[in-house]
Amino acid sequence: MQKIRDFITWWNRPNKSIVADYLQTIVVIVPLAFIIRTWGYGLYRVPSGSMETTMLVGEMFFADKFTYIFSKPKRGDIITFNEPVFTYSENRMKNIWEHYVWGPENWTKRLIGIPGDHVQGKIEEGKPVVYLNGVKLEEPYVNKYPLVPVNLKKFEFRSYDPAYSYQDQPFYHMNGMLVKQIQRQYEQVGYTAIRMPGTPVDAVNPPFQTDVFDVQLGENQYWAMGDNRLGSWDSRGWGILDGSYIHGKIVFRIFSIDTSADWLILDILRHPISFWTRFRWSRCLQIVS
């Protein structure tokens, strides 16, 4: 306790120069913030619809990183991890920089299988199902809504509730005329214009992955899939996830807003009125599972 008091006294010492104040911040605060941010917790905004409708584009989440230092990830955890298809540098220092500072994107999926599990994907009665150690999984978290295209250039699909008009959708604000226009363009070139829940991913275009797989997970190997099975690129496409890439567990939704803008402040400046109407207030401040 005495050392802590001495440190506080030193930190608040009188007649401290501006230069010393800045150096003090750089030498002490920045490394401390980096340590907490790297091994304590993380804040993440959702950039894609791969976890719909559990997680929607534009939502901000709190991730617990501390727990995974002392325990292994569990089945059903919604995890954050380094982009598994990123090519890391062979240079040791650059490799460390890429792992902990700046390099691959952060991805989010749900853990389906953990080390030692036998995970199988099958098509039964025309619908994809997942078996874990020989038992068919009940997956209430899987997206039950159809997906409609909202962006032709980026090939983006979003969840759509047929019980509501395009203007009154519960998940995303949609332009009905634009959606129908994109659907017609997709149909003209042979692409799937609407993706129905329960459809095998092989049946939609383009077929990046397959719902038919058979994997035995070894030590420190995991199988991760998005809740939005028709809009997620996951272990079905890029394969087994190495445990060293996992760095956190999503535990809490802080806020939810219908925007794909990288910087919220710019979105507010561009749309000072409509910005606030796009808040999904009923999805703010919630525990996520």
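In which loop does threonine 53 lie? Threonine 53 is found in the loop between β1 (41–45) and β2 (60–64).

The model is predicted, so that local features need pLDDT of at least 70 and side-chain atom pairs count only at pLDDT 80 or more, whereas totals for chains, interfaces and linings use all residues. Residues are numbered from 1 along each chain as its sequence is written, and side-chain values use heavy atoms, with hydrogens and water left out.

**Figure 1. The whole protein chain.** The secondary structure comes to eight helices and 14 strands; helices (H or I, at least four residues) and strands (E, at least two) are DSSP runs, numbered from the N terminus. Of the 289 residues, 41% are buried. Buried means under 20% relative accessible area, exposed means over 50%, and partly exposed lies in between (1.4 Å probe, protein chains only).

Figure 2. Glutamate 52 and threonine 53 are joined by a cis peptide bond. Its omega is about 0°.

Figure 3. Proline 149 belongs to strand β8 (residues 147–151). With a relative accessible area of 0%, proline 149 is buried. When neighbours within four places in sequence are left aside, the residues in contact with proline 149 (heavy atoms within 4.5 Å) include Glu156, Phe157, Val179 and Tyr186. Proline 149 and isoleucine 194 are 45 residues apart in sequence, and their C-alpha atoms are 7.1 Å apart in space.

**Figure 4. Tyrosine 191 in its loop.** The loop between α5 (176–188) and β10 (213–216) holds tyrosine 191. This tyrosine counts as partly exposed because its relative accessibility is 35%. Tyrosine 191 and alanine 203 are 12 residues apart in sequence and 10.0 Å apart in space, C-alpha to C-alpha.

**Figure 5. Two residues with positive phi.** Glutamate 125, a residue other than glycine, has a positive phi near 55°. Glutamate 125 is located in the loop between β5 (118–124) and β6 (127–132), and is exposed, with a relative accessible area of 83%. Asparagine 220 is not a glycine either, yet its phi is positive, at about 60°. Asparagine 220 sits in the loop between β10 and β11 (221–225) and counts as partly exposed because its relative accessibility is 29%.

**Figure 6. Isoleucine 265 in helix α7.** Helix α7 (residues 264–270) contains isoleucine 265. Isoleucine 265 is exposed, since its relative accessible area is 52%.
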